[in-house]
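The stops below are meant to be selected in order.

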Amino acid sequence: MKKKVYIFSIFVISMISSSCETEIDLGDIAIKPHLVLNASLSNADTSRIYISESRPIFHFSNTSQWGEGNFLSIDNADVDLLINNNNKTKERLQYSIKDSSYLYLKPLKASDQLSIEVQYKDKKINAQTSIPNAPEILSVDTFSFSKGNSYGQDYLRFHVKIKDQAVTKNFYRITVDFAQHRQSFWPGDGGYWTRSSQFISDDPVLTNGSPNSNNQGDDDFGMIIFPTNYFGIFHDAAFNGEEYLLDFYVSYPLFISQMDYYDKGHLRVNLQTISEDLYKYYFSLQRYMHSLNDGFIEPAIVFSNINKGLGILGAYNEVSVIKLEEK
């Protein structure tokens with residue numbers, strides 16, 4: 001009896017194993033694409049709205065009717081912006097080939113309620129957001145220091161004291177635009193540019209709760225891998241309605257030193273208050289980026305607030321922390 005059971009088990013296993021090797025040709029599965037709206041409206045002089053069409057996950061570029069690429073940029077949609085629910089302010093936005101987007105060419109104000117409606121062929125999508133109040137900066141201090149091995153790495157450190165608004169829940173973002181040009185020692189060679197958009201911090205408020213951003217500190221945390229705060233976002237849960245000192249640093253701008261071979265560059269650091277939906281989008285996106293590097297993490301779903309479509313409509317209000325230029 002045991003021998004018969006054993007033979008039957010081998011037969012079942014062999015059948016299962018052979019069935020696992022069966023190939024099924026799915027072909028080019030027809031999945032209707034979605035309209036995608038991506039925009040971050042602000043108090044800047046120009047706001048850009050990007051409209052595209054999504055691709056099916058089973059997309060084969062050699063046979064698909066959708067053509068090459070992961071998305072299709074749309075330049076002939078009807079895109080309307082409505083401010084404070086006033087139909088008199090409704091404006092049809094024009095597409096700019098240079099910017100690959102639809103443009104709104106006026107600065108928006110704090111507390112403006114914004115609605116975007118998009119129609120393209122038989123598809124209609126819409127989304128809403130509002131411009132947050134500007135962040136309040138009380139003081140900015142900078143100083144240089146060295147950190148690292150025996151040779152040391154030079155950094156420019158920022159102490160930015162802010163005053164958080166009481167009652168409301170506030171969301172923030174630090175942006176860094178750092179570029180510098182190094183001349184070449186070889187005749188006829190134009191040198192090269194280096195660019196960075198990342199800051200480093202040891203403050204858990206700025207690092208998703210990890211000991212340091214980008215895991216670039218002096219300590220070794222072994223197998224613990226913390227999500228990198230790629231987008232410089234944080235919220236006020238630790239200092240709601242109070243003053244708080246932001247502490248972060250960037251590589252030292254050599255173009256402002258006496259090193260002649262760094263002849264030009266810029267460093268622009270800004271502080272933004274951002275809408276809650278924009279915070280959720282950046283936070284989900286950084287979780288998604290983190291999940292790509294760890295096979296043991298469940299896939300992350302990127303946040304979207306577009307009604308009947310995909311993407312994000314967010315808003316921010318921005319002030320300058322520092323601006324250094326050498327042309």
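Is Arg48 buried, exposed or partly exposed? Arg48 counts as partly exposed, because its relative accessibility is 33%. Here buried means under 20% relative accessible area and exposed means over 50%, with partly exposed in between (1.4 Å probe, protein chains only).

Before going further, some ground rules. This is a predicted model, in which local features need pLDDT of at least 70 and side-chain atom pairs count only at pLDDT 80 or more, while totals for chains, interfaces and linings use all residues. Residues are numbered from 1 along each chain as its sequence is written, and side-chain values use heavy atoms, with hydrogens and water left out.

**Whole chain**

Switch to cartoon. The protein chain has two helices and 17 strands; these are DSSP runs numbered from the N terminus, helices being H or I of at least four residues and strands E of at least two. Of its 327 residues, 38% count as buried. Show the surface next: the accessible area is about 19,800 Å², and carbon and sulfur atoms account for 52% of it. The areas come from the Shrake-Rupley method with a 1.4 Å probe; for residues, only the protein chains shown count as cover. Among contacts (heavy atoms within 4.5 Å) between residues at least 6 apart in sequence, 66% join residues at least 24 apart.

**Stop 1: Arg48 and Asp99**

Select Arg48 again, together with Asp99. The two form a salt bridge, with their closest N and O atoms 3.3 Å apart. The term covers a side-chain nitrogen of Lys or Arg within 4 Å of a carboxyl oxygen of Asp or Glu. Arg48 is in strand S2 and Asp99 in the loop between strand S6 (94-96) and S7, so the pair ties together parts 51 residues apart in sequence. Asp99, at 21% relative accessibility, also counts as partly exposed. A search of the whole structure finds 13 salt bridges.

**Stop 2: Arg92 and its two aspartates**

Select Arg92, Asp78 and Asp80. Asp78 and Arg92 meet in a salt bridge of 3.3 Å, N to O. This pair links distant parts of the chain, with Asp78 in strand S4 and Arg92 in strand S5 (residues 86-92), 14 residues apart. Arg92 also forms a salt bridge with Asp80, where the closest N and O atoms are 2.5 Å apart. Asp80 lies in strand S4, 12 residues from Arg92. Asp80 counts as buried because its relative accessibility is 12%. Asp78, at 34%, counts as partly exposed, and so does Arg92, at 43%.

**Stop 3: the largest nonpolar core**

Select Val79. Leaving aside neighbours within four places in sequence, its contacts include Ile49, Ile51, Arg92, Leu93, Tyr102, Ile116 and Val118. Val79 is one of the residues with the most contacts inside the largest nonpolar core, which has 25 residues. Others in that group include Leu37 and Leu41. A nonpolar core is a set of buried Ala, Val, Leu, Ile, Met, Phe, Trp, Tyr and Cys residues joined through side-chain atoms within 4.5 Å. Elements that give two or more residues to this core include strand S1 (35-42), strand S8 (113-120) and strand S17 (310-326). Apart from it lies another core, of 24 residues, among them Phe158, Leu246, Val269 and Ile322. In soluble globular proteins, nonpolar side chains tend to be buried together.

**Stop 4: Glu53**

Select Glu53, which is in strand S2. At 7% relative accessibility, Glu53 counts as buried.

**Stop 5: Arg173**

Select Arg173, in strand S12 (residues 171-182). The backbone oxygen of Phe231 lies 2.8 Å from a polar atom of the Arg173 side chain, and a polar contact of 3.0 Å joins the side chains of Arg173 and Tyr282.

Key. Polar contact = N/O pair within 3.5 Å; in protein donor to acceptor, adjacent residues only side chain to side chain.
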